[in-house]
Number of protein chains: 2
Amino acid sequence: MKNLIQNTNKNVIARSDNDVSTSSHTDIAERKIGFKSSPFRGGFRRGFLLFFALLSLFAPEIKAQTKATWIWYPGDYEIWLSNKMQNRRTERGSFFPPFWKLDSHYVLTDFHKDFNLSAPEEAELMVEGQYNLKVDGKAFSGYPKRITLPAGKHRISLKVYNQGSVPAVFVKSANVVSDTSWKVTYEDKEWIDASGKTSDISATQYVPAGAWNFNEVTSLPSQFHLPTKAQKAVTTDKKAHSIFVDFGKETFGFVKLHNVIGKGKATIYYGESKEEAMSTDGGELVDQLEINQPQNGDITYDGSRAFRYVNVVYDDAVSMDEVSMLYEYSPVEQRGSFKCSDEQINKIWEVSAYTMELNTREFFIDGIKRDRWVWSGDAAQSYLMNYYLYFDSPTVTRTISALRGKDPVTSHINTIMDYTFYWFISIYDYYQHTGDKTFIQQSYQRMQTMMDYCLARRNKDGLMQGLTGDWVFIDWADGLSKQGEVSIEQMLFCRSLETMALCADIMHDGKAAAQYSSQAKDLKEKLFTYYWDAQKHALVHSRMNGKPTDNVTRYANMFGIFFNYFTEAQKQEVKKYVLMNDKIQKITTPYMRFYELEALCAMGEQDYVLKQMKDYWGGMLNLGATSFWEEYNPDKKGAEHYAMYGRPFGKSLCHAWGASPIYLLGKYYLGVKPTGPGYQTYLVEPQLGGLKWMEGTVPTPNGDIKLSITTSQIKLSAATGIGTIRVKSKTKPVCSNATVKMVSAGLYEVSTQKGKDYTIKYTAI
Amino acid sequence: MKNLIQNTNKNVIARSDNDVSTSSHTDIAERKIGFKSSPFRGGFRRGFLLFFALLSLFAPEIKAQTKATWIWYPGDYEIWLSNKMQNRRTERGSFFPPFWKLDSHYVLTDFHKDFNLSAPEEAELMVEGQYNLKVDGKAFSGYPKRITLPAGKHRISLKVYNQGSVPAVFVKSANVVSDTSWKVTYEDKEWIDASGKTSDISATQYVPAGAWNFNEVTSLPSQFHLPTKAQKAVTTDKKAHSIFVDFGKETFGFVKLHNVIGKGKATIYYGESKEEAMSTDGGELVDQLEINQPQNGDITYDGSRAFRYVNVVYDDAVSMDEVSMLYEYSPVEQRGSFKCSDEQINKIWEVSAYTMELNTREFFIDGIKRDRWVWSGDAAQSYLMNYYLYFDSPTVTRTISALRGKDPVTSHINTIMDYTFYWFISIYDYYQHTGDKTFIQQSYQRMQTMMDYCLARRNKDGLMQGLTGDWVFIDWADGLSKQGEVSIEQMLFCRSLETMALCADIMHDGKAAAQYSSQAKDLKEKLFTYYWDAQKHALVHSRMNGKPTDNVTRYANMFGIFFNYFTEAQKQEVKKYVLMNDKIQKITTPYMRFYELEALCAMGEQDYVLKQMKDYWGGMLNLGATSFWEEYNPDKKGAEHYAMYGRPFGKSLCHAWGASPIYLLGKYYLGVKPTGPGYQTYLVEPQLGGLKWMEGTVPTPNGDIKLSITTSQIKLSAATGIGTIRVKSKTKPVCSNATVKMVSAGLYEVSTQKGKDYTIKYTAI
């Protein structure tokens, strides 16, 4: 598959098969289509100017037909950058790093490219690290920055050592440019014999280089940082030795103190809630400053923090005028949109989008107050939401690569068994949405060793059970058992094996594909043999000592629906006896509500889910939420909502997994989803779910799908793929430029092509 | 085993079992005993002053009873430092890094120590990296440099992130000091549940911290560099635009240009030989300088190089007065010595010691001109020589750890199959000489995964054969076959399995010990079934397609002798038909001469070997060698000696493996070797080999063994262990303070204790 159009400035690697240069010249024109600024950046749809301003900061304009970009060993930059990001967490002024193994980049890597030139040409070079440069194996002296590439067939190679940051190279001549068509290795094995002959049996394994969007020689990967912009407080309450400010909504960045003078201490208390910022001993984020400023001046604190409220308290001998901030953000493009007849749902979508914006940083993180780490289960949902909001593939692949780290595998991803499985599943999802085989090629070996780790940890019945050192997480839920062989873990494991089979197929690794398929099939059978309880009409929660428990929870049952593991009859049973059954323990995290509501949507319960959304997310909005929370329990009162982990303000009030309405509304109301990898083919199955009308945009790798839906009309305009619109209608729908086909009583299909506009008149059932 | 005395400033980790602090107070007194400066540092035995001057640079004096030292995750500093060192090679001004995988340290590590104090005490802290500090799991705010440790039982922990250099900590209070009794991990897995409770099933694996000799808070490990001292040229030949200097012997360091003025180019041509320094296009080492110095001043070139001669050629517009150098060296203590009645042998020993001195740097390297890398086969010999020269265990363990790197194992060590086996065997040797179990504990896991790699590469007959990507090296020898299943590889593999069995025993891993033993036994049987040729009275060189070849080489046959794999009868056969047989291809590298002469010595051929030594090493001396070479072929003439790898000056004229007389003279003439780990018991079997007299010192972990031997008298004074002196004498030897026991006709044994002097009168046979 080769993509013809690229829409964002950051998805170059992710969505092209082998050669990105052929399509690069369309980038700029294409970027103008469908751009929206994020809600934070002055409401929606501010337009193009800001975007290009950001673009020039972030990904300099592409000038040449062939595009040079900084390259590295794939995965290395992702690991290095995630180390930087994940080590920014603090808790009350203490450094708070992750508790799992952090890997490092390869410190010595060897890059090469074979080229064929009709005439010699000048090339410029830039390297991050100590390096040598060779043409056809012959080294140049010193560290050249400019060389003449000879005419004819030759090989240019660079070998780079860098301990502190990632070995990376940039090469640019008229026809030879560093890009992902270069090959790279971390052990070239180029030994020589006593006569000086280089080994011909080294069998060095080269992989395609990794890259992102560092397209100018001066855009050093090691110097990357997210952009910021100034932002003022909405209200300020200045007292003798303190300033208390409210930025009007949840935000993230660097606090700036204005016109500071004097010598003494200042303390910055941050709060996602007013109560937290007012608490001098209970808040999660506190920074201490030693001020020694004889001359009046501004101070920007160099640690980025999450907050809505800031309380700055300072000594007698210190004074200051004002507190503002620098908002730090990832300049991803918001291509997806949703609007409907229900203003509360619109607000929920907007706050969800803002929640995603705040948590979309160098990587998709869990929450901006804490942990600011990359968590696989959280990220798996961010990817899905991303496909309906940004379709920024590089942030997905960066996050997946960072989560995986390197061999050897010494624990589950984030130490959590289920998070390992979500990691596999997210690759399945990624391929479905993007059709990107290059990423599969880059990741396959590490997928295999990760799967080897899992397979080696099966018990005698071939099931996964928490071993010492494994965190079986599932969900934050009171009294939830993690003991024995939990059904949801087997189900996720089964889907992981299916992912491996899919990827093995893509890698033409037929033997492995057959093996993974057979392992998946075997496990799926066990899932039903061991856990399906006909009396309970459901999968039970777990087995203990080889016997199923009586406990029924929602987890495996909801996944079974949208994984399509159940028969139709089983789905209906599960819906009735589990999903719609109030006696089954309720889910209180937006994290698992994501899948619960997805399962209900997949069962056509859009009306019910819309009410649930209004109730649950609307409930947070009613409590003044400006971003969605890590957990929400309507039974709690006042500041009780802020507590978690035994700490009064332990809960994150801006957690990525809170943003699921973006996904649900895009996939199950607008009803758009890929049916072939990368939206080569896709399905549109609109469900108003009680709304009068809705309209929106769903981004895809090669252009947007725009929809406008009422109870009597569906309008579609799509820049990509072969679409199938599936309409429920009392009478046969009418479409002037497409054939309408009846599938079954009351169900019709309209097939669409890219680049055309369609209007379908129908009569809602 | 716990050592009671420690002799050098650098062997703290290596030779103590669990707790080093108990013996530390004896360090200073002990260091004064038996110190000798290296030959370079102004001839032998210059004395104590210089040593203490060096010591203050390198390992500041220890003041407290409990000794604080910088600690890190074991192996990490070794990997990091070896990356630095191995990336210093250049070839004619081009950066020339290794061709194997370089690993990196863990960027995030967690240290802790449980302590019990009767009263609170102040502790100072220093950390390399971003860190948090906790007592009993409760974090301090910020980055404290000084805290009060509470009375009672508590745990102090530090978690450190550092990408560019190794996370390291230094803690010092009256009773709590950072040392190898601290525990460290790279994944603490300290997750918490929703209530804030830390996991009690994390099963975190902690290992004892690594350390070296950074015993002051200000001795930052990341800032380590070897000391240097000024050295002048012996002769200078100054021309219009050049200065040609001779430093009188092989040396290493930084060239210094004096009173430079002007603007223009200068080129430094280095030469181990005069011819190399005179060659403008053929030398291995050349540096280009751009001089822009309006004011007269000195310039020291910042790249360290190997040379005896330097030719500096500069532009018209540049002038300079003089060329000198800064000699860079490792301040290890030369404890071993050897003197005898043959002045040529004395010279050989001295030049060997100097060759070792030059190649003993941050690690034991192969050669100082190139590769300046750590090669396992070369290093294995350096370790053995070290036991008779410095007994500097930290340089041994650093080198072993650096060679191993980290998991996953992606190739043989240095890509060479035999070098993987020497790596195992060197651990066997190390344990024999030092008795250091801590190092085994620190290394065992990586030994196992390295062995797993080997075991997985056996062919269907259970033998090792070069697979794609494997370099089967053996030796530099014309036409030597590396095809099929080479016997020497199986023999080294067998010894490696025996090493694993030994270490598994030390680790109380009985199951693994039994398995490795059985695998070794099985392989040893195959060695004789498949390779022993009764007609040829030898092991043949290899098998091809399951059939033994006709070829007999020295390799497996000489190892079989000192590995003691042969029966006495086989040994005699091999000696006659292989070792003393001129029709068997000769060995031309000092590398394999090391083992060849060792085998002959083990067969009692000291007379013969002495002549060989005088012939071979004496041959190099006759050609003007001031250090011993990578390869020596007496048949070559003039500058032919300098060529190798198809390059006119490709040969290293200062190669560690050239220094083997140190080992041979110590082990097989003075005749001292350990019989119990760490010289708890040892054997002294003097063999004059035709010399009139000899005297010398053999260092051991706990003190020196001093010997003086003539044809009628043996004097021994040993600070350590239970010795057995084995004497061949016509009549029963006489010793006033020990019992003399007859072993067999003409062979007597005298048992000695530490701290006493013994004089044995005997009559040489």
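Predicted model: local features only at pLDDT ≥ 70, side-chain atom pairs only at ≥ 80, totals over all residues.
1. **Overall build.** Chain A holds 16 helices and 36 strands. Its radius of gyration is 27 Å, close to the 27 Å from the globule rule for 765 residues, so chain A is as compact as a globular protein of that length. The C-alpha trace spans about 80 × 75 × 60 Å along its principal axes.

2. **Burial and contacts.** Of the 765 residues in chain A, 65% are buried. Contacts in chain A with a separation of 6 or more come to 73% from residues 24 or more positions apart.

3. **Surface and charge.** The accessible surface of chain A is about 27000 Å². Carbon and sulfur atoms account for 50% of that surface. Chain A carries 89 positive and 85 negative charges, and their mean positions lie 4 Å apart.

4. An unreviewed UniProt entry lists residues 110-312 of chain A as "domain: Alpha-rhamnosidase-like N-terminal". In the model, this span is 55% strand and 2% helix. Its end C-alpha atoms are 51 Å apart.

5. **An enclosed helix.** Look at helix H12 of chain B, residues 554-562. All 9 of the 9 residues are buried, so the helix is largely enclosed by the rest of the structure. Among them are Arg554(B), Tyr555(B), Asn557(B), Met558(B) and Phe559(B). What do the buried residues of H12(B) pack against? Four helices of chain B take part: H8 (417-434), H10 (487-506), H13 (568-579) and H14 (590-602). Strand E24 (538-539) of chain B is also on the list.

6. **After H12(B).** Asn564(B) follows this helix. Asn564(B) lies in the loop between H12 and H13 of chain B. Its phi is positive, about 65°, although Asn564(B) is not a glycine.

7. **Positive phi in chain A.** Arg92(A) is another residue other than glycine with a positive phi, near 50°. Arg92(A) sits in the loop between strand E2 (90-91) and strand E3 (94-95) of chain A.

8. The peptide bond from Arg370(A) to Asp371(A) is cis, with omega near 10°. Asp371(A) is in the loop between helix H5 (343-359) and helix H6 (376-389) of chain A.

9. Asp407(A) and Pro408(A) are joined by a cis peptide bond, with omega about -5°. Pro408(A) lies in the loop between helix H7 (393-404) and helix H8 (417-434) of chain A.

Technical notes: Residues numbered from 1 in each chain as written. Chains lettered and ligands numbered in written order. Heavy atoms only, no water. UniProt positions renumbered as here; feature names shortened; annotations may be inferred. Rg over C-alpha atoms; globule rule 2.2 N^0.38 Å. Buried < 20%, exposed > 50% of the residue type's maximum accessible area, 1.4 Å probe, protein only. Contact = heavy atoms within 4.5 Å. Areas by Shrake-Rupley, 256 points an atom, 1.4 Å probe, with all protein chains shown as cover. Lys, Arg positive; Asp, Glu negative; His and termini not counted. Charge placed at Lys NZ, Arg CZ, Asp CG, Glu CD.
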